Amino acid sequence: MLNTPTAVLERPMRAPEAPTREERNPVRGRDITTALASSLLRDVDENALLSLIDECWVEVRAPADRLIEAGHPCEHVYVVLSGQLSAKFADELGEPRIRLRAGDCVGEISWIDRLDAPATVTCAAQVRLLVVPKDALWRAVERSHALAVNVLRVLSRCM
C-alpha cells in the first residue's frame, strides 16, 4: 500500500529537475574561491573555468538530506563548498565511513562511467554545494587539459 510509511521509504529516489537559469543561485565570490581550491578545479585555465562556472549553480542542503542514492542515476557532480557529506557504499553495513568536506567532490564516478551511483551520499551537516551539470563538465574537460588531469586524479583516488 503506497500510503504506509514503509512504502514511502522504499520509493526509488528520482533525480531532481535542474532549476531554470532564473531559479539558480549564482556562483559568486567566496564560492568561486573555494571551488578554485577544490581537487576538481585547481589550476584550470581561466577561460575554461569561467565557461564552466557559468553553467553551474549553488545549492544549500539541510542535514540528513540525501544527495545521491546508491543504485540510482546521478545527474551532477557536486563540489563541497562548506559543510560535510557522508558516503556509504551499497554493500557496506553500519555507519558511513567516508566523510567529504570543503574542496571534495562527489558524483564523479557515475559521471565517467554513466552507471548508477555506487554509494548513498547524505548531508552530515548543512552543506553548500557547487552543482556541476555532467554535460557542462564534459565540455569543459574537452577544452582544458588541466581539468582532464584533475578528473583523472579524483577518479584514481576513488578507486
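**Exercise 1.** Find the salt-bridge partner of E55 and describe where the two residues sit.

*Solution.* Start with the criterion: a salt bridge is a side-chain nitrogen of Lys or Arg within 4 Å of a carboxyl oxygen of Asp or Glu. Next, look around E55: its partner is R139, and the closest N and O atoms are 2.3 Å apart. Now place both on the chain. E55 lies in the loop between α3 (46-53) and β1 (57-61), while R139 belongs to helix α5 (residues 134-143), so the pair links distant parts of the chain, 84 residues apart. Helices (H or I, at least four residues) and strands (E, at least two) are DSSP runs, numbered from the N terminus. Finally, widen the view: E55, D135 and R139 are linked in a network of salt bridges.

A word on the model before you go on: it is predicted, local features need pLDDT of at least 70, side-chain atom pairs count only at pLDDT 80 or more, and totals for chains, interfaces and linings use all residues. Residues are numbered from 1 along each chain as its sequence is written, and side-chain values use heavy atoms, with hydrogens and water left out.

**Exercise 2.** Are E55 and R139 buried, partly exposed or exposed?

*Solution.* Take the cut-offs first: buried means under 20% relative accessible area, exposed over 50%, and partly exposed in between (1.4 Å probe, protein chains only). E55 has a relative accessible area of 21%, so E55 is partly exposed. R139, at 33%, also counts as partly exposed.

**Exercise 3.** Work out whether E59 and R61 are buried or exposed.

*Solution.* These two residues form a salt bridge, with their closest N and O atoms 3.1 Å apart. E59 has 18% relative accessibility and counts as buried. R61 is buried too, at 15%.
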